[in-house]
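Reader: Could you walk me through this one, a question at a time?

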Amino acid sequence: MSPATALPARAVLEYRLIKYRQSWRSATFNSLATPVLLLVGVGVSVGSYVNRHGALGMPYVEFVAPGLLVSSTLQLAMTEAGAPVFNSFHWERSYFGMIIAPARAADIIAGELAYLALRMLPTAVIFTVLMTAFGAVHSGWAIALPLVAVLVGLAGAAPMFAYSASVSSVSMMVVMLRFGLLPMTLFSGVFFPITRLPAVVRPLAYVLPLWHGVQLSRAAASGVGAAAAVCGHLVVLLLWCAAGAAVAHARYVKRLTP
Amino acid sequence: MAAALLVRTLLGDELQLPRAAAMTSRNVTLFRSARAYGALLISGFAEPVFYLLSIGWGVGSLIGSITLADGRQVSYLSYVAPALLASSAMSGALAETTTNFFAKLRYQRQYEAVLNTPMTPGDVAFGELGWGMLRGLLYSAAFLAVMVAVGATTPLRTLAALPVTLLVGLAFGGFGMAVSSFMRSWQDIEYILAVEFALFLFSGTFVPVQAYPVGLQVVVRATPLYQGVQILRGITLGGPSWALLGNACYLTVLAVVTMAVAVRRMRRLFRT
């Protein structure tokens, strides 16, 4: 895989940003509304019932907020790496324009990833500020929360690029979001500790990126976490990014080479 | 005769059931002929089941049981299940009458072709609503089977619950169609989704409405999904009260009014 070159990758990024300008209001509104509503609707209100039993040893909103942060960027990134990417291959076919522009597959993927990072960063920053307002932040490490959130998003988006470049029907996007993203969001320790999951399915949570993101995010928000564990989670997330990007690259090359 | 007159007064349009059924059967044909689309549509029932397992069972294990208004204790899973049933009826109806309806209305322009036949906008609207109801019925029946399997209700009670899910679907189907007839572009869908998600979370779904601040309680009690949650919870957990008839009236009125708006809007859009 040849490294991306700066100029074409930047052009791809600019292309996405110009398109985003048409719909940023509604898109930003939704990507913020979802985690905020969950923070209040689940974190605070369901939390008032969870707290009566004290099974977690901390207020529920503090438990759930860091997880909501990373799962919201993951959702944003995987959705954006889904139908819009399929669109660029099949209907709009803008990738075929880029590849003769000339931008190489690596440039396109680099530009797409940079765009997603830019998309996620503001919502992650705003949500981190909100978390602080809800008293879910207890450490200076919280400054790293938006970066953790972006990393988790990229760890989900990179393999999603590979997926979107491989499938032949847009319906497959719904399949991935319904049977990949949704269960991952619901069973990766965002809402309840995965130690409560049956032992059979727990390994799946350990392999998927979100659980590692949730653990990292919780460590950054509370300031409590062993250095070795934090490094381990970081490594897994970076591996997902790298492996995802590598497979995506292979798929893009195959698809875009005449 | 009286019914036809009532429909005409409410909708300002003629409605003939066979013609509306033709509209519905168009969707049924598509569902049956396009295998992948059909499988995808059926798989939609998995979403509320995932929520039931995650929030009802997973978070429920941190909560234990919850006390009902009449003092009975039920497991958190049983408490959440009827609310998820109501919200799945809502989202099934909204999916069909917002995204899909809007696509056919503005982009695929299917109704323009349909209205060149003797079909009226009323037939189209009710035919599409009928399809939304069929789809919702599928999801509700599947979810009720899951509820029985996990012990959240009894088989007999599901028989009473199923028609109520249809009523919820009717109300939201009409609502979705009326709203999407005013939509300007795809971006507006994002706002509908946000409102839908807010209703999903704040309709006494996951906690009793009494747990909310008083101001929010008043708002929640006035919203449509809350009515469906109340009725279905009363039925599936046992001990329904006459007050539930009030909730049912609310949903009926909402269905009638929003369908009247939707049909009028369609007449206007197509100038028939």
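Reader: In chain B, where is confidence lowest and where is it highest?
Author: This is a predicted model, where local features need pLDDT of at least 70, side-chain atom pairs count only at pLDDT 80 or more, and totals for chains, interfaces and linings use all residues. Residues are numbered from 1 along each chain as its sequence is written, with chains lettered from A and ligands numbered from 1 in the order in which they are written. pLDDT is the predictor's confidence in each residue, from 0 to 100, and helices are DSSP runs (H or I, at least four residues) numbered from the N terminus. In chain B the lowest mean, 62, belongs to helix H1 (residues 2-11), and the highest, 95, to helix H11 (residues 224-236).

Reader: What is the mean pLDDT of chain B?
Author: In chain B, 95% of the residues reach 70 or more. The mean for chain B is 89.

Reader: Which element of chain B gives the most to the side that touches chain A?
Author: Here 30 residues of chain B are in contact with 30 residues of chain A (C-beta atoms, placed from the backbone, within 7 Å). Helices H3 (35-43), H4 (46-63) and H9 of chain B each give two or more residues to that side. With 11 residues, the one giving the most is H4(B).

Reader: How do H2(A) and H9(B) run relative to each other?
Author: The axes (lines fitted to C-alpha atoms over the stretch in contact, with angles from 0 to 180 degrees between N-to-C directions) of H2(A), residues 24-53, and H9(B), residues 187-201, come within 9 Å and cross at roughly 5°. Angles under 35 degrees count as roughly parallel. So H2(A) and H9(B) are roughly parallel.

Technical notes. Angles under 35 degrees count as roughly parallel, over 145 as roughly antiparallel, 65 to 115 as roughly perpendicular and the rest as oblique. Two residues are in contact if their C-beta atoms, placed from the backbone, lie within 7 Å.
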